[in-house]
Structures are given as structure tokens and as C-alpha cells.
Amino acid sequence: QAQATAQAQALQMQQAQMMQAAMLGQAQAAHVAQAQAQAQQAHAAQAAQASAAAAGGSDPLTDFCRRNAVDGSVEHVLRSAAPELQVRVMSEGPLVGGNPSEVLISRVKRLMGQTSQS
């Protein structure tokens with residue numbers, strides 16, 4: 001629940017920043033706002049993971065991997081990725097369409113490609 005609240009706040013901040021950028025008509029401001037929002041989302045995800053771990057529960061990434069029957073080695077790959085990439089991967093929802101671990105790896109590669117092109 002803490003993660004959902006933090007993500008909702010990050011999304012609201014991103015929307016406010018994007019509206020400000022649109023009103024100013026500056027493409028650069030929009031890019032900066034998006035980067036700031038992604039950083040805030042990553043921070044929120046890290047905070048949620050830390051609070052879940054401190055409370056003795058599992059973190060959202062572990063829950064996601066368990067719900068989707070992802071292999072431990074593939075979970076480790078996702079865990080070693082940047083926090084903002086972790087959030088983007090999980091926000092796309094369940095891993096459907098074959099072997100969940102392979103679907104996860106494909107998703108990570110696709111999103112990493114989108115990030116490097118931005």
C-alpha cells in the first residue's frame with residue numbers, strides 16, 4: 001500500500017510537471033520533468049522495498065516475480081537493473097505469452113532499448 005501511495009504521488013508530480021512544460025512550450029522542460037518523475041518513481045519504489053523489508057515482508061519486486069513464477073536467476077537480473085526500469089517492467093503487468101522468465105527478459109531488453117533511445 002505504501003508503494004501504491006508513493007507511485008500515485010509520483011504520477012501526480014509527473015502530470016503536474018508535464019502540464020507545466022506544455023504550458024511553457026519547451027520540449028526540454030518536458031524531458032527534464034519526465035526524468036525527474038522517473039527518478040521520483042524509482043525513489044518511491046526503493047522506499048517501499050526498504051519499508052517492506054524492514055517490516056519483515058517481501059518487497060514488490062519479489063512479489064511480482066513470485067506471482068509470475070520467474071526463475072531466481074532472472075529475478076536477480078531484474079533486481080540488479082536500475083530501480084526506474086524495475087518499476088517500468090512491473091507496471092506493464094503480468095508476464096503472459098510463454099515462459100515467464102523469457103517474457104521478463106524480453107520485456108527488460110525492450111524497455112532498456114526504449115530508455116537508450118530517449
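This is a predicted model: local features need pLDDT of at least 70, side-chain atom pairs count only at pLDDT 80 or more; totals for chains, interfaces and linings use all residues.
The buried residues of α4, which spans residues 72-80, are Val74, Glu75 and Leu78.

An α-helix has 3.6 residues a turn, so residues three or four places apart point the same way.

## The largest nonpolar core

The largest nonpolar core contains 15 residues, of which Phe64, Leu78, Val89 and Leu104 touch the most other members. At least two residues of this core come from each of α3 (60-67), α4, α5 (83-91) and α6. The helix that gives the most is α6, with 4 residues.

Leucine 104 illustrates how members of this core meet residues from elsewhere in the sequence. When its neighbours within four places in sequence are left aside, leucine 104 is in contact with Phe64, Val70, Val74, Leu78, Val89 and Leu95.

## Arginine 107 in helix α6

Arginine 107 is located in helix α6, which comprises residues 100-117. This arginine counts as buried because its relative accessibility is 8%, whereas the cut-off for a buried residue is under 20%.

Apart from its neighbours within four places in sequence, arginine 107 is in contact with Phe64, Val89, Glu92, Gly93, Pro94 and Leu95. Two of these partners, Phe64 and Val89, are among the residues that touch the most other members of the largest nonpolar core.

Note on methods: Residues are numbered from 1 along each chain as its sequence is written. Side-chain values use heavy atoms; hydrogens and water are left out. Buried means under 20% relative accessible area, exposed over 50%, partly exposed in between (1.4 Å probe, protein chains only). Contact means heavy atoms within 4.5 Å. A nonpolar core is a set of buried Ala, Val, Leu, Ile, Met, Phe, Trp, Tyr and Cys residues joined through side-chain atoms within 4.5 Å.
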